Amino acid sequence: MPVLILSLEIPVAMNSGANFRWCRFAGCILFACALNPVADSMAEFESGATERPRVGLVLAGGGAKGGAHVGVLKVLEEIQVPIDCIAGTSMGALVGAGYASGIPAAELEEFVTGIDWKLIVGGQGRRKLEPIEQKRSGVTYSNNLELGIKDGAVMFPGGFVSTSSIEDLLRSYVAQSRMQPDFDRLPIPFRAVATDMVTGDMVIIKQGDLATAMRASMAIPGAFAPVITDTQVLSDGGMVRNIPVDVARDLCADLVIVVNLVEPAVDASQLQSATQLVGRSMDVMIRANEELQLNSLGAGDIRIDVHMGDIGTADFEKIPATIPLGEAAARAVADQLSALAVPKAQYLAWRGTVTSGQEIKAQLAGVRFDGLERVNPDFLAQRSQVRAGDTVDTQAISDEAQRMSALQEFESVEYRLEGDPENPTLVWLPKEKRVGPNYLEFDLGLYASEKGDLAFSVYAQHKRTWLNALGAQWRNELQLGYDSFISSRFYQPLEVSQTLFVEPRLALSRSTEDLFTDGDRVAVYRFGDLEGGADLGLNLGNLSQVRLGYLYAKRDINVSTGNPVLPEEKVTDAGVQFSFTLDSRDNSFNPTSGVALALEFSQSDESMGADRDWERLEVGAATALPVRNDVIWLSAAGGTSLGGDLPGDRYFKIGGPGSFPGYQLGEVRTEEYWTVSTSYLWQVKEILSVRGQALYAGLGLQAGEFNNRLDLVDDGVVYGGSVYFTGRTPVGPLTVGVGATTTDTYSLWLAVGRPIGQGTILERGIFR
């Protein structure tokens with residue numbers, strides 16, 4: 001049978017001819033076309049011959065509750081209701097933009113239920129992408145707040161939650177549609193609603209980058225940084241129009257289908273505290289503008305009320321449960337929706353014109369980095385795993401964006417494809433942090449035990465990044481409390497890739513420490529150190545680092561109270577230091593997966609300026625193994641003087657929850673030791689799952705041997721056990737527990753925030 005194939009571009013009138021949407025399709029004209037009802041229906045539908053009201057879909061904002069919109073869309077497709085335009089706010093903008101881009105409801109469901117919200121919102125899993133030096137330098141525990149210094153004033157970030165992963169998700173979600181800057185020319189015309197924080201006005205976004213439009217509409221003030229343009233600061237649209245009925249009417253609608261996300265009535269008893277009232281104030285403001293829009297609905301409009309039960313705005317991991325709620329609510333008004341349905345063949349014709357894939361696959365003609373003021377683009381090019389000539393897809397580009405955004409200098413990473421779609425240039429647009437390049441971080445810690453230990457620490461760090469084209473950093477730290485110190489370091493890479501580096505440093509520290517004899521406190525000593533040194537280092541990817549350097553330290557040893565167990569003196573130690581670090585853990589405190597390994601060797605030698613000769617080697621390893629929602633921890637550590645005589649003030653310190661829970665902090669001082677430990681942690685309470693905050697009940701077993709102790713006690717192999725509750729909470733790490741040993745010692749402790757205690761290698765650095 002002869003076939004004639006025509007490529008047609010037909011204008012479809014909208015808004016009484018004021019606007020036009022151009023729909024491309026291939027029309028197959030066959031001798032038997034009169035017998036093809038789908039082809040007839042497509043022609044009838046596209047020509048506008050079928051009389052039907054233009055239907056606008058209005059999707060409300062509501063955070064995680066907005067997953068219900070997908071359930072409504074599933075029912076609309078089942079009933080065969082075509083949609084002529086969409087207006088959405090916040091999560092409604094996310095779902096609406098996807099549907100307007102041509103993604104069917106089934107694929108939307110697969111997308112939203114497959115999102116790893118712990119990564120996207122909580123940032124979990126990003127640590128493995130960080131460079132090893134970034135992991136090592138100045139970890140804070142009680143908060144993730146990073147401040148900046150601008151014009152002599154302290155500057156807060158635009159939001160407390162990183163948006164980098166969110167933005168990358170949105171770009172991948174509508175990868176193809178991002179190339180269409182006019183939202184009228186999407187498969188279904190679309191509008192997103194945002195709020196201009198400068199004027200307080202509603203902003204209807206109808207052009208530009210579709211992913212950026214969604215991001216602006218979802219930018220909850222305080223939580224997410226706003227989208228900033230030349231003249232506007234755009235935040236969440238729910239503040240001015242959470243249900244944008246009028247926007248849909250102005251866009252195309254003769255009638256609207258409104259999806260309203262209904263929360264349970266608020267109990268007055270839940271509105272007593274200041275925090276409860278502040279949180280409720282945003283709900284009241286949003287509810288007021290919702291009522292104005294809902295009251296504008298007419299007789300022909302359809303309102304779908306989705307009752308959300310106990311699912312709240314931030315319950316992102318409950319999104320799969322919201323979809324059936326949306327389906328049930330839509331079926332409850334199925335009779336009204338059926339009045340807007342079209343015959344199956346006509347609906348399939350419409351569906352065929354709007355369905356569009358979002359996948360990108362192309363061979364790159366080039367890769368470029370634009371918009372950078374501080375970061376050297378050659379550094380990014382050397383780190384990149386996506387290069388000119390590579391054939392890439394959406395996932396490969398997304399993975400590279402995630403690797404780049406893990407760098408401490410960026411708040412987000414955008415990109416665009418330029419030129420020939422089959423052979424484009426990938427243009428990276430990383431956004432350097434507005435609060436940089438001078439950063440401030442703060443931390444707090446508290447430790448208390450039943451036997452009288454009470455210690456605290458207040459920590460602050462100033463960091464100045466990208467002092468030169470190789471990425472030099474100046475880092476200054478101050479800590480007051482149990483261990484007090486002030487230090488300054490200058491980290492200078494020697495090449496663009498930052499593989500080789502040097503780091504000179506200077507530090508002044510003071511500490512007050514208890515000395516024990518067979519479990520009894522017998523003295524309190526004060527140690528003061530003035531240290532200077534320099535390291536030559538090698539970064540081995542994101543996981544490991546090697547350092548070799550020289551250290552010069554002047555130490556002042558004084559007894560404060562009690563018997564003089566150690567000689568009071570001023571001594572100088574000087575010599576070689578070597579260290580190796582490997583870290584693949586998902587978190588620096590209470591990890592749920594990954595491995596950490598550290599080795600430290602120090603040698604003091606009179607030929608290098610020391611008053612005394614000694615050697616000290618210490619090694620430790622730890623791993624976390626996930627078991628469903630629970631975790632197994634395994635660790636081992638050991639230290640030796642390598643057969644020499646180690647000065648008493650340089651002995652290894654054992655004791656505390658990080659090294660041997662049955663002992664007090666620093667209770668055992670020994671020239672040589674080994675320890676092994678295993679713990680099982682049962683998850684007993686999720687606090688905020690999306691942020692990885694949960695409480696665990698732990699049971700730990702320990703064993704160790706301590707040779708040549710300072711107090712001359714020889715207990716042989718010591719066994720211990722501990723029971724504790726621990727976890728990451730909104731105020732930082734929290735641990736409360738009790739430990740005991742076979743030597744009849746025990747410890748009951750509470751620790752909050754920044755860990756306290758500088759004992760074994762398991763308690764220092766990466767093992768916190």
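Select Tyr 680 to begin: at 22% relative accessibility it counts as partly exposed, a class that lies between buried (under 20% relative accessible area) and exposed (over 50%), with a 1.4 Å probe and protein chains only. Tyr 680 and Trp 682 form a tilted aromatic pair, 4.7 Å centre to centre with 55° between the planes. Rings of Phe, Tyr and Trp (its six-membered ring) pair if their centres lie within 6.5 Å; planes under 30 degrees apart count as stacked, over 60 as edge-to-face and the rest as tilted.

The model is predicted: local features need pLDDT of at least 70, side-chain atom pairs count only at pLDDT 80 or more, and totals for chains, interfaces and linings use all residues. Residues are numbered from 1 along each chain as its sequence is written, and side-chain values use heavy atoms, leaving out hydrogens and water.

The structure holds 12 aromatic pairs. For a stacked one, select Phe 111 and Tyr 173: their centres are 4.2 Å apart and their planes 10° apart. Phe 111 is in helix α4 (residues 105–113) and Tyr 173 in helix α7 (residues 164–173), so this pair links distant parts of the chain, 62 residues apart. Helices (H or I, at least four residues) and strands (E, at least two) are DSSP runs, numbered from the N terminus. Tyr 173 counts as buried because its relative accessibility is 4%.

Next, select Phe 660, Tyr 663 and Phe 706, which form one aromatic cluster.

Two arginines come next. The charged end of Arg 178 sits over the ring of Tyr 415, 5.0 Å from its centre. Arg 475 lies over the face of Tyr 491, 4.7 Å from the ring centre. A charge sits over a ring if NZ of Lys or CZ of Arg is within 6 Å of the ring centre and within 35 degrees of the ring normal.

Now select the open sheet of three strands, ordered β14-β17-β16 with mixed pairing. Its edge strands, each pairing on one side only, are β14 (366–369) and β16 (410–418). Two strands pair if DSSP finds at least two bridges between them. Four bridges join β14 to strand β17 (residues 425–432), and these two run parallel. Arg 368 stands opposite Val 427 in β17.

Finish at helix α3 (residues 91–100). It is largely enclosed by the rest of the structure, because 10 of its 10 residues are buried. Among them are Met 91, Leu 94 and Tyr 99. After α3 comes Gly 102, with a positive phi near 105°.
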